[in-house]
Amino acid sequence: MGMVTTPDTLALIGNTPLVRLRGPSEETGCDIFAKCEFTNPGASVKDRAALFIVEDAEERGTLRPGGTIVDGTAGNTGIGLALVANAKGYRTIIVMPETQSREKMDTLRALGAELVLVPAAPYSSPCHFVHTSRRIAEETPGAIWADQFDNTANRRAHIMGTAEEIWAQMEGRIDGFTCAAGTGGTIAGVGLGLKAKDEGVCIALTDPDGAALYDYYAHGELKATGSSVAEGIGQGRITANLEGAPIDTQFRVSDVEGYGWVRRLLDEEGLCLGLSSGINVAGAVRLARQLGPGKRIATILCDTGFRYLSTLHDPAWRAAKRLG
Ligand code: PMP
């Protein structure tokens, strides 16, 4: 590939490279490929959803020049929304649980987003970050609520972007795809997009230990039993983005197993990633074992590990979380 120029910052979103992961491929006898979503300008997969949500609101006429974008987020969507907003001349108000990494908060402040931190609370509580963000949007003149969980412009970004890119990059030869769910936009959108190309592609949900979706897809029961320390994944309900997601099979991966892959990819392949990426790679290895040798599998590297230097990549933090 020659040197590439892009017309503006927003054109940097998407069209991410697909890398063959050597260790996971050698270990399973499959070819395991991963989308490098950390190469987006906001360093995560959520830039895609942010751009689609904002442009959808512009097209509908709900977001007008000088308007404000409000959302509740584990951080990455907020960073995506803030960078898209800056490039287009909007304000952002981001509501985030105070349990998320310091680096995400500092990045949001650097981007000029107004940051509202709330205590971690169950979805049923009115204090939950999603409900708080909806209220702030309702009370702020000229504001829209991005509503990333139930706004299906989110998954359209993956049907029209991520899935098309994976299909083209793998030259239509793909046997399986897996990733975890936060809003569910990635798994549902990529799943729907790939199934539209080839019904036979196996779509697997990889759920962090103790999250509710594994049981839902395995036996129709939504019940969360534990808490992963992975930021941005682990969903307790069927969001509008998850509705109709074509899930063929599901895996449950512990934080320790996910971190094992984060560590190996760092030490053996020079990739510094977050825990959701490690959990996705662990899921891809499970899917490879299920489908058998010689298969071609894709997954997602959701965000950069530089976002977790004070947490996942800090030995003292890992010791406190018993992550080895
Ligand atoms: N990993 C990280 C680090 C995230 O921030 C998110 C978004 N919440 C995801 C994975 C999951 O992506 P999605 O919302 O598309 O399910």
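In this predicted model, the ligand is surrounded by 19 residues, and the closest are Gly 182, Thr 186, Gly 232, Ser 276 and Cys 302. By type, the shell around the ligand holds six nonpolar, ten polar and three charged residues. Both domain 1 (10-44 + 163-316) and domain 2 (45-145) contribute residues to this shell, so the ligand lies between them.

| Helix | Residues | Number of residues | Distance between end C-alpha atoms | Expected span |
|---|---|---|---|---|
| H9 | 255-269 | 15 residues | 20 Å | 21 Å |

Helix H3 is mostly covered, with ten of its 13 residues buried. The buried residues are Asn 76, Thr 77, Gly 78, Ile 79, Gly 80, Leu 81, Ala 82, Leu 83, Val 84 and Ala 85. Their packing partners are helix H2 (46-60), strand E3 (68-72), strand E4 (91-97) and helix H4 (102-110). After H3 comes Gly 89, with a positive phi near 85 degrees.

In helix H9, the buried residues are Asp 255, Gly 258, Tyr 259, Trp 261, Val 262 and Leu 265. These residues lie on the same side of H9, because they cover an arc of only 155 degrees around the axis. An α-helix has 3.6 residues a turn, so residues three or four places apart point the same way. The buried residues of H9 pack against strand E8 (202-208), strand E9 (249-253) and helix H10 (275-291). On the face turned away from the buried side, H9 carries the exposed residues Asp 267 and Glu 268. Gly 270 follows H9 and has a positive phi, near 70 degrees.

Technical notes:
Residues numbered from 1 in each chain as written. Predicted model: local features only at pLDDT ≥ 70, side-chain atom pairs only at ≥ 80, totals over all residues. Near = placed C-beta within 6 Å. Nonpolar A, V, L, I, M, F, W, Y, C, P; charged D, E, K, R; others polar. Domains from an automatic or database assignment. Buried ≥ 20, exposed ≤ 12 C-beta atoms within 10 Å, placed from the backbone. Helix = DSSP H or I, 4+ residues; strand = E, 2+ residues; numbered from the N terminus. Contact = placed C-beta atoms within 7 Å. Expected span 1.5 Å × (residues − 1). Arc of directions from axis to C-beta.
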